[in-house]
Amino acid sequence: MFVLPGYDAFLGFLLIAAAVPVLALVTNALLAPRSRRGERRLTYESGMEPVGGAWIQFNIRYYMFALVFVIFDVETVFLYPWAVAFHRLGLLAFIEALVFIAILVVALAYAWRKGALEWS
Amino acid sequence: MPPSFTVDLEAGFRGLIEAAGLSPAASRLIWLPLPMLLVLVAAVVGVLVTVWLERKISAAAQQRIGPEYAGALGILQPMADGLKLLVKEDVIPARADGLLFTLGPVLVVVPVILSWLIVPFGQHLLISNVGIGIFLWIALSSVQPIGLLMSGYASNNKYSLLGGLRAAAQSISYEIPLALAVLAVVMMSNSLSTVDIVDQQSGAGILSWNIWRQPVGFLVFWICALAECERLPFDLPEAEEELVAGYQTEYAGMKFALFYLGSYINLVLSALLVTVLYLGGWGFPLPVEWLASLLGQNIDAPLVQVVSATLGIVMTVLKAYLLVFTAILLRWTVPRVRIDQLLDFGWKFLLPIALVNLLATAALKLAFPAVFGG
């Protein structure tokens, strides 16, 4: 049924893990009192009437980090098979990975110089 | 040389059922949910103990007494808190997005529980020894920020939105050094499987643990794991002085409890993974073969194997709770960092260090293959 051994357990555990929040929320819905009166459902803003909503356009300063993250995340994923098979590949693989990482370090240095890693 | 008898509960249990006349497929189906439920219960008990420890140790650090009325020494306090949250009213703000608001905490807690799939407590004492092992945890841990971002956005509250954005920025910044630190360990064990990673650290007891060969990797991993768990000094997404409670601001009752549960399960999980990756997993500080011969016992004897498997579970839990203890002490020792300091530390310090550590490991493995896993 399963080509890869052990992954039927993954599927089973996914179902059990997903049942935890579902059960918790259903029990909560059955046990907890319910009242819809008053200001209860007003958005919290330190005791004041909320001024406008939060769904507005504003400058997200983190998007440059997100871009750099994608580059390095993909890099790390590429390095995983290299690391697992490294004992069979030897010196040449080491030099190849060195070149690969050097290119990305140049990219990191560029992003650093350009101020992409500055928060302000 | 592997011992001829090892503690393998699955083989024993299935053998027993199959002897009663069931097919192998049926016996596997009956076996499968048992370790999962056991691990789930263990995780929840682990969280209750951790919450109690956190409150007691925090109290000691501040010269208070802490919880003392619920059970002996207040040990039942976390359970009382959980029961209280279970009967609390669930409030969804009128302006929030109801569906995403509910889905957020679920997405936070499910991957964290699912990661326990690969935590080994012994040679065969884990739910499933899947081939990609530790990589599965890295993949699952990237799902969590989506849940945080989702709940921050869905609340339609400014504090929540800022908290959610901070949580996402923080966890993507610390994920890469974390993955690179794991990569160096993977390179030494030539495998992604958590069982192989622990096996590679056995032989000479405490001296063969990875912490001696990967001291930098250990520190990078533990710092990043604390940042991923949003523990102080990295708890900016829920910094109460600035953001009330960050993405949790609008949450009450069971949904809040899910966030709480998720963060503590994550802390215990991270401590267990540090144990597996760097502290020899279920291994003793002294080689078990040497201990057995000292006591005049045959290592293959069933009784010795059962005792050593039990002690292995105790060792794993002890090491993990030592790390949980340091995490709690760190909380009262180090002040919270600022968001720009946090991102600088991740990108400009930990990332280069983790890269250098990886390349150094590769170079050392080429130079001294015997010491660095062949």
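Which residues of α7(B) are buried? They are Q144(B), P145(B), G147(B), L148(B), L149(B), M150(B), S151(B), G152(B), Y153(B) and A154(B). Before going on, a caution: this is a predicted model.

Just past the end of α7(B) sits N156(B), with a positive phi of about 55 degrees.

The largest nonpolar core in the model has 127 residues. Helix α8 of chain B, residues 158–189, gives the largest share of this core, 21 residues. The residues with the most contacts inside the core are V182(B), L183(B), F221(B), C224(B) and V268(B). Take F221(B) from that list. Leaving aside residues up to four places away in sequence, F221(B) touches L178(B), A181(B), V182(B), V274(B) and L277(B). As general background, nonpolar side chains in soluble globular proteins tend to be buried together.

Now chain B as a whole. Its secondary structure amounts to 16 helices and 0 strands. Of its 374 residues, 51% count as buried. Along the principal axes, its C-alpha trace spans about 65 × 55 × 45 Å. If we take contacts in chain B between residues at least 6 apart in sequence, 78% of them join residues at least 24 apart.

Chain A next. Chain A has 4 helices and 0 strands, and along the sequence the pattern reads α-α-α-α. Its radius of gyration is 25 Å, well over the 14 Å that the globule rule gives for 120 residues, so chain A is more spread out than a compact globule. The box filled by its C-alpha atoms is roughly 70 × 50 × 20 Å along the principal axes. Buried residues account for 14% of the 120 residues in chain A.

How do the two chains meet? The contact involves 55 residues of chain A and 60 residues of chain B. On the chain A side, α1 (7–31), α2 (63–84), α3 (86–89) and α4 (91–113) each supply at least two residues. The largest share of that side, 18 residues, comes from α1(A). By class, the chain A side has 40 nonpolar, 10 polar and 5 charged residues.

Last, confidence. The model scores ipTM 0.83 and pTM 0.88. For chain B the mean pLDDT is 84, with 98% of residues at 70 or more. Among the elements of chain B, helix α11, residues 215–228, has the highest mean pLDDT, 91, and helix α12, residues 240–243, has the lowest, 72.

That is the tour. I'll take questions now.

Definitions and conventions. Residues are numbered from 1 along each chain as its sequence is written. Chains are lettered from A and ligands numbered from 1 in the order in which they are written. This is a predicted model: local features need pLDDT of at least 70, side-chain atom pairs count only at pLDDT 80 or more; totals for chains, interfaces and linings use all residues. A nonpolar core is a set of buried Ala, Val, Leu, Ile, Met, Phe, Trp, Tyr and Cys residues joined through C-beta atoms within 7 Å. A residue is buried if 20 or more other C-beta atoms lie within 10 Å of its own, exposed if 12 or fewer, and partly exposed in between; C-beta atoms are placed from the backbone. Two residues are in contact if their C-beta atoms, placed from the backbone, lie within 7 Å. Ala, Val, Leu, Ile, Met, Phe, Trp, Tyr, Cys and Pro count as nonpolar, Asp, Glu, Lys and Arg as charged, and the others, Gly among them, as polar. The radius of gyration is taken over C-alpha atoms; the globule rule is 2.2 Å times the number of residues to the power 0.38. pLDDT is the predictor's confidence in each residue, from 0 to 100.
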